[in-house]
Amino acid sequence: MVSEMIYFKLRICCFIGLCLSIYATYVEVKAENNNNYKALCDLSQQVSCTAVFNTPYGKSFGLLSYLFNDIPNRWNPPNGLLGTVYYVSFIFSTFFQHKSLFKLQMTLCVCSNLLTIYLAYLLYYVIRNFCVICLSIYVINFLCLYEMLKIYKKVWLVEQNKKIK
């Protein structure tokens, strides 16, 4: 079995991502209910998390509102809520060691990084605003992928080499 320490950095990254996602959800819900709400991450008109979260891309990555014009809010969750579910699931899954689960984790990491690229594109070219929380989550997603690759290299490639010998 694999040492629990190998997953420590990954869990730390996921925990930070979880905290950021919870805060992003809090900001979005608070801003929806109070037009005068100013989040800690709202530094100026061009650097505003609230402005980014309140765009159509702030809910379900903008995909559901693109596909369905009049989708109710209960079916169109904030990105932060989706991130919260993702990070909780990911942290939980690191306590179990199975090759199929590892493949799922790796797939989710790659997909989250592809989604990160999509959201970064939207942030820079479409929304034209800077979101400190968003950028922080992008970095966390990259670090999670980096840690997963290190785990893959240390654990799964070593096991493959042992089977070959």
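Contact means heavy atoms within 4.5 Å. That cut-off applies to every contact named below.

## Basis of the model

This is a predicted model, in which local features need pLDDT of at least 70 and side-chain atom pairs count only at pLDDT 80 or more, while totals for chains, interfaces and linings use all residues. Residues are numbered from 1 along each chain as its sequence is written, and side-chain values use heavy atoms, with hydrogens and water left out.

## Overall architecture

The protein chain has 6 helices and 0 strands. Read from the N terminus, its elements run α-α-α-α-α-α. Helices (H or I, at least four residues) and strands (E, at least two) are DSSP runs, numbered from the N terminus.

Of the 165 residues in the protein chain, 42% are buried. Buried means under 20% relative accessible area, exposed over 50%, and partly exposed in between, with a 1.4 Å probe and protein chains only. Among contacts between residues at least 6 apart in sequence, 68% join residues at least 24 apart.

## Helices H4 and H5

Two packed helices are described by the angle between their axes and the distance between the axes. For helix H4 (residues 79-93) and helix H5 (residues 99-127), the axes come within 11 Å and cross at roughly 155 degrees. H4 is therefore roughly antiparallel to H5. Axes here are lines fitted to C-alpha atoms, for helices over the stretch in contact, and angles run from 0 to 180 degrees between N-to-C directions. Angles under 35 degrees count as roughly parallel, over 145 as roughly antiparallel, 65 to 115 as roughly perpendicular and the rest as oblique.

The crossing of H4 and H5 is left-handed, a term used if the near helix is turned anticlockwise from the far one by less than a right angle, with clockwise giving right-handed. On the H4 side the contact is made by Asn79, Tyr86, Phe90 and Ser93, and on the H5 side by Leu101, Gln105, Leu108, Cys109, Ser112 and Leu119. By class, this contact has 6 nonpolar, 4 polar and no charged residues. Ala, Val, Leu, Ile, Met, Phe, Trp, Tyr, Cys and Pro count as nonpolar, Asp, Glu, Lys and Arg as charged, and the others, Gly among them, as polar.

Gln105 lies in helix H5 and is buried, at 3% relative accessible area. Apart from neighbours within four places in sequence, Gln105 is in contact with Phe90, Ser93, Thr94 and Met148. Ser112, also found in helix H5, is buried at 11% relative accessibility. With residues up to four places away in sequence not counted, Ser112 touches Tyr86 and Asn141.

Thr84 is placed in helix H4 and is buried, with a relative accessible area of 16%. Leaving out residues up to four places away in sequence, Thr84 touches Leu18, Ser21, Ile22 and Thr25. The C-alpha atoms of Thr84 and Tyr23 are separated by 9.6 Å, although the two are 61 residues apart along the chain.

Arg128 is found in the loop between H5 and helix H6 (132-164). Arg128 has a positive phi of about 55 degrees although it is not a glycine. At 58% relative accessibility, Arg128 counts as exposed.

## Cysteines

A search of the whole structure finds 0 disulfides, a disulfide being a pair of cysteine sulfur atoms within 2.5 Å. Cys41 is buried, with a relative accessible area of 6%, and Cys131 is buried at 0%.
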